[in-house]
Amino acid sequence: MTDTVAAAAAARADAAFEATVDRLGRYLAVPAISCDAAHHDDVRRLAATVRDDLEALGLQEARILELDGALPVVVAQWFEAGDDRPTVVIYGHLDLQPVAGEAWTHPPHQATRVGDRLYARGSADDMGGWVSHLAAFEAWRAETGSVPCNLRLIIEGEEEIGSPNLERYMDAWPEAFDGDVMILTDCENPSTDVPGLTVSLRGLLEVELVCEAISADVHSGLWGGMVPDVSLALVKLIDRLIDDDGRMRVGRVAVEPKRRESAGAVVIDEATIRKGAHLIDGVPPLPTRDRTAGEWMWLQPSVTVIATTLPTPAQKKNALRRKASATLSVRLAPGQGPDEMKAALRDVLLVDPPFGVKVELIDGPWAGAGWLYEPKGPAFAAADRAYVKSWGCPMAHIGVGGSIPFVAMFSDRFADLPLILNGVMDPETTAHGPDESLHLGVFRKAIAANVYLIDELSRVGKAALKAG
Ligand SMILES: [Zn+2]
């Protein structure tokens with residue numbers, strides 16, 4: 001393939017951009033919320049629509065895979081590039097986070113365009129992600145009648161509930177996941193000008209911290225002054241985990257200088273944090289001290305109190321309570337194991353209890369290690385060339401502060417393959433929150449990047465990719 005052909009395919013994709021946005025808008029109108037059984041029919045309905053569309057676009061063997069007790073996975077392939085060309089596995093997900101209880105200013109299930117942004121739940125996480133690949137496929141077909149790589153497309157329906165059945169799907173249909181390089185498109189870009197390559201994820205550990213002192217609630221006027229208040233004990237314990245800046249001080253790790261440097265090279269200034277995290281006027285971000293925002297958010301642990309049994313206003317009464325607990329969600333540094341963190345938490349929380357109360361630390365439903373990846377070889381060099389052509393710069397190596405279970409599953413099984421984690425989110429996307437949006441400039445560049453990436457990977461060839 002010559003440069004001119006790829007550029008012509010990219011120009012086709014660009015000319016079809018409005019049609020692609022319309023396609024995305026049709027998918028966004030379906031409330032495919034996987035955590036809510038009332039919407040499971042919507043997930044299945046969307047899967048059926050997407051399957052039909054993939055077939056209509058000319059992809060081969062478009063199918064819905066559906067295991068018992070699971071939501072469907074849509075797959076399709078393209079195998080006309082030739083045996084010597086690489087097979088690229090592309091992953092995305094069509095299910096959505098819920099919107100209930102969130103204050104949206106735009107309708108969550110109707111694509112609304114305002115300026116550069118398209119608002120709707122799933123616009124960037126992750127419908128825009130995999131739709132960008134469909135647009136690239138269409139452009140290649142329109143320009144050349146074929147596509148220079150073989151492709152396998154996997155669109156999952158359960159990512160937002162932690163991909164509980166993805167491994168079963170991998171076991172049941174291994175051929176659907178068989179390729180030479182994987183593009184997992186569900187991640188973020190550090191800005192609308194700089195594309196991101198995700199190279200680390202934090203792990204996640206949930207624990208419940210429980211304080212007990214008395215066997216029944218008692219009158220605070222009678223006993224206050226001689227009997228411990230478990231709520232205060234709980235607060236004091238949580239305080240042990242935090243430094244004066246408001247950050248978790250337990251379980252901090254030494255980060256390799258090279259990773260510190262690449263995290264530091266990504267500009268995350270105060271304005272980005274203010275806007276992206278909805279900081280209110282007068283409240284500053286936490287001070288960075290001797291590290292960078294990227295290191296704090298991607299490479300060090302953090303803790304959030306996500307639930308407590310402290311009495312709510314509706315439960316107000318003048319009483320000392322018998323028990324208080326807090327659910328702590330701990331983001332683990334990439335490479336840090338949940339057991340290591342649990343041991344560190346026990347050392348701090350279970351010794352010398354405040355006021356002598358009984359303290360317990362109970363395992364929660366989540367305990368997963370993070371992910372630390374070393375992108376090397378011709379696939380990543382190819383990706384950089386593609387991104388220079390489409391975005392004007394190579395991919396910045398970034399971390400994700402969250403945990404994406406499917407990444408661990410792919411990297412466990414396909415550790416030898418290059419895993420390219422890209423995406424269409426940017427710092428203003430507010431994925432999982434109200435007014436989620438996709439930046440249309442990012443979407444446009446992501447489509448072009450996919451067009452060029454297929455070309456660059458094809459030029460590397462299957463044998464060289466494998467050897468890489
Ligand atoms: Zn996602």
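In which loop does Asp435 lie? Asp435 lies in the loop between E17 and strand E18 (437-439), where helices (H or I, at least four residues) and strands (E, at least two) are DSSP runs numbered from the N terminus. This is a predicted model, in which local features need pLDDT of at least 70, side-chain atom pairs count only at pLDDT 80 or more, and totals for chains, interfaces and linings use all residues. Residues are numbered from 1 along each chain as its sequence is written, and side-chain values use heavy atoms, with hydrogens and water left out.

**Zinc site**

- The zinc ion is coordinated at 1.9 to 2.4 Å by His93 (NE2), Asp125 (OD), Asp186 (OD) and Asp186 (OD). Donors are N, O and S atoms within 2.8 Å of the metal (3.2 Å for Na, K and Ca); water is not among the atoms, so sites may look incomplete.
- The site of the zinc ion is irregular, with angles of 56 to 146° among its 4 donor atoms. Four donors count as tetrahedral if all angles lie between 85 and 135 degrees; four count as square planar and six as octahedral if opposite donors are over 155 degrees apart and all others between 65 and 115; anything else is irregular.
- Along the chain, the donors of the zinc ion follow the spacing H-x31-D-x60-D. Asp125 lies in helix H4 (residues 123-144) and Asp186 in the loop between strand E7 (181-185) and strand E8 (196-201), so the pair ties together parts that are 61 residues apart in sequence.
- Both Asp125 and Asp186 are buried. Buried means under 20% relative accessible area, exposed over 50%, and partly exposed in between (1.4 Å probe, protein chains only).

- Helix H3 (residues 40-56) has 17 residues and reaches 24 Å from its first C-alpha to its last, close to the 24 Å expected at 1.5 Å a residue. The expected span is 1.5 Å times one less than the number of residues of the helix.
- The buried residues of H3 include Val43, Leu46, Ala47, Val50 and Leu54. The buried residues of H3 pack against H2, strand E1 (60-65), strand E2 (73-78), H4 and strand E6 (150-156), with contact meaning heavy atoms within 4.5 Å.
- After H3 comes Gly58, whose phi is positive, near 105°.
- Leu24 is found in helix H2 (residues 17-28) and is buried, with a relative accessible area of 0%. Among the residues that Leu24 touches are Leu118, Met127, Val131, Leu438 and Phe443, not counting residues up to four places away in sequence.

**Open sheet**

- An open sheet of mixed pairing is formed by 6 strands in the order E1-E2-E6-E3-E7-E17. Its edge strands, E1 and strand E17 (419-422), each pair on one side only, and the twist averages 15° from one strand to the next.
- Two strands pair if DSSP finds at least two bridges between them. E7 and E17 run parallel and are joined by 4 bridges; Thr185 stands opposite Asn422 in E17.
- H3 lies across E1, E2 and E6, running at about 175° to E1. Helix H12 (residues 378-391) lies across E7 and E17, running at about 30° to E17. Axes are lines fitted to C-alpha atoms, for helices over the stretch in contact, and angles run from 0 to 180 degrees between N-to-C directions.

- In strand E9 (residues 203-212), 8 of the 10 residues are buried, so E9 is largely enclosed by the rest of the structure.
- E9 pairs with strand E13 (residues 323-332) in the antiparallel sense over 10 bridges, and Glu212 stands opposite Lys323 in E13. E9 also runs antiparallel to strand E14 (residues 358-368), with 8 bridges; Leu209 stands opposite Leu361 in E14.
- Strand E16 (residues 396-400) has 4 of its 5 residues buried, so E16 is largely enclosed by the rest of the structure. E8 and E16 run parallel and are joined by 5 bridges; the bridge partner of Thr198 is Ile398 in E16.

**Backbone exceptions**

- Most residues other than glycine have a negative phi, and most peptide bonds are trans.
- A cis peptide bond, with omega about 10°, joins Asp125 and Asp126; Asp126 is found in helix H4.
- Arg289 is not a glycine, yet has a positive phi of about 55°. Arg289 is found in the loop between helix H9 (270-276) and helix H10 (293-299) and is exposed, with a relative accessible area of 57%.
- Asp435 is not a glycine either and has a positive phi of about 55°. Asp435 counts as buried at 16% relative accessibility.
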